[in-house]
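Here are my notes for you to read with the model open. Take the points in order and find each spot as you go.

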Amino acid sequence: MYSLILSERLELGKSAEKDKFVLIEQFMDEFDGTYHVFNHENDTITKSDLSLLYSMTYKDTTFLKRLIKEKDLRNVVVKLTSDKSEHPKIKAELLRKPTIGIETITDKKYNGYFKKFRLINRGWNGIKRKYGTDKVVEFSQVNYCGQFASTYYAIHCGGLCGAGNIVIFEKVDGKWKIVTEINLWMA
């Protein structure tokens with residue numbers, strides 16, 4: 001599933017030139033349970049929820065119609081935003097392809113670039129100098145609910161460059177496919 005995000009959402013490894021990025025090896029939940037995509041205490045989705053999700057899913061009306069009808073789909077979104085279990089270390093070797101170069105970094109070391117240099121631009125210059133790229137990616141655990149799954153990923157690429165998204169997957173004919181992406185933040 002992480003490979004689908006890298007190729008289909010971040011479009012890494014698709015060009016003739018080798019793409020390079022830095023992978024934060026273990027996701028540390030910076031939201032600490034304080035965000036929710038919609039009010040999951042109700043069994044239905046309100047008009048207010050739908051209005052917000054309309055913009056967060058880049059106007060994906062097909063997904064919104066399914067979300068209203070399919071409880072399993074709602075549950076998988078809720079599970080990701082409420083499950084605070086330990087996130088695993090991502091095995092970078094499983095994501096490697098001939099067209100993608102991956103360096104790994106700990107969350108602590110990544111954040112250290114910005115504490116040590118105090119200025120955001122200096123931190124990003126330090127990352128680019130050390131790793132040869134300004135693309136830093138992180139993934140949460142994958143949560144499963146029936147034929148659905150979800151994960152959070154973030155791409156960091158500069159002081160005012162980046163986004164954090166929940167990706168919803170569905171298993172169709174034995175293969176995982178991306179259903180939609182829900183944007184949580186953007187810089």
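**Notes on the model**

1. Among the elements of the protein, strand S3 (residues 136–139) has the highest mean pLDDT, at 96, while helix H4 (residues 71–82) has the lowest, at 73. Keep in mind that this is a predicted model. Over the protein, the average pLDDT is 86, and 89% of the residues score at least 70.

2. Next, have a look at the aromatic rings. A pair of aromatic rings is described by the distance of the centres and the angle of the planes. How many aromatic pairs does the count come to? The count comes to 6. One of them joins Phe 114 and Trp 124: the centres are 5.4 Å apart, with 55° between the planes. That pair is tilted, because its angle falls between the cut-offs of 30 and 60 degrees.

3. Stay with that pair for a moment. Phe 114 belongs to helix H5 (residues 107–117) and Trp 124 to helix H6 (residues 120–131), so the pair links distant parts of the chain, 10 residues apart. Tyr 110 joins in too: ring pairs link Tyr 110, Phe 114 and Trp 124 into a cluster. Is Trp 124 buried or exposed? Trp 124 is buried, because its relative accessible area is 9% and the cut-off is under 20%.

4. Here's another ring to find. Lys 130 lies over the face of Tyr 131, at 5.9 Å from the ring centre.

5. Now for two backbone angles worth a look. Tyr 58 has a phi near 60°, a positive value in a residue other than glycine. You'll find Tyr 58 in the loop between H2 and helix H3 (61–69). With a relative accessible area of 46%, Tyr 58 counts as partly exposed.

6. The other one is Asp 173, whose phi is near 50°, again a positive value in a residue other than glycine. Where does Asp 173 sit? Look in the loop between strand S6 (161–172) and strand S7 (175–186). Asp 173 is exposed, because its relative accessible area is 79% and the cut-off is over 50%.

7. Last stop: Thr 46, in the loop between strand S1 (19–24) and helix H2 (47–56). Thr 46 is partly exposed, with a relative accessible area of 31%.

Technical notes. Residues are numbered from 1 along each chain as its sequence is written. This is a predicted model: local features need pLDDT of at least 70, side-chain atom pairs count only at pLDDT 80 or more; totals for chains, interfaces and linings use all residues. Side-chain values use heavy atoms; hydrogens and water are left out. Helices (H or I, at least four residues) and strands (E, at least two) are DSSP runs, numbered from the N terminus. Buried means under 20% relative accessible area, exposed over 50%, partly exposed in between (1.4 Å probe, protein chains only). Rings of Phe, Tyr and Trp (its six-membered ring) pair if their centres lie within 6.5 Å; planes under 30 degrees apart count as stacked, over 60 as edge-to-face and the rest as tilted. A charge sits over a ring if NZ of Lys or CZ of Arg is within 6 Å of the ring centre and within 35 degrees of the ring normal. pLDDT is the predictor's confidence in each residue, from 0 to 100.
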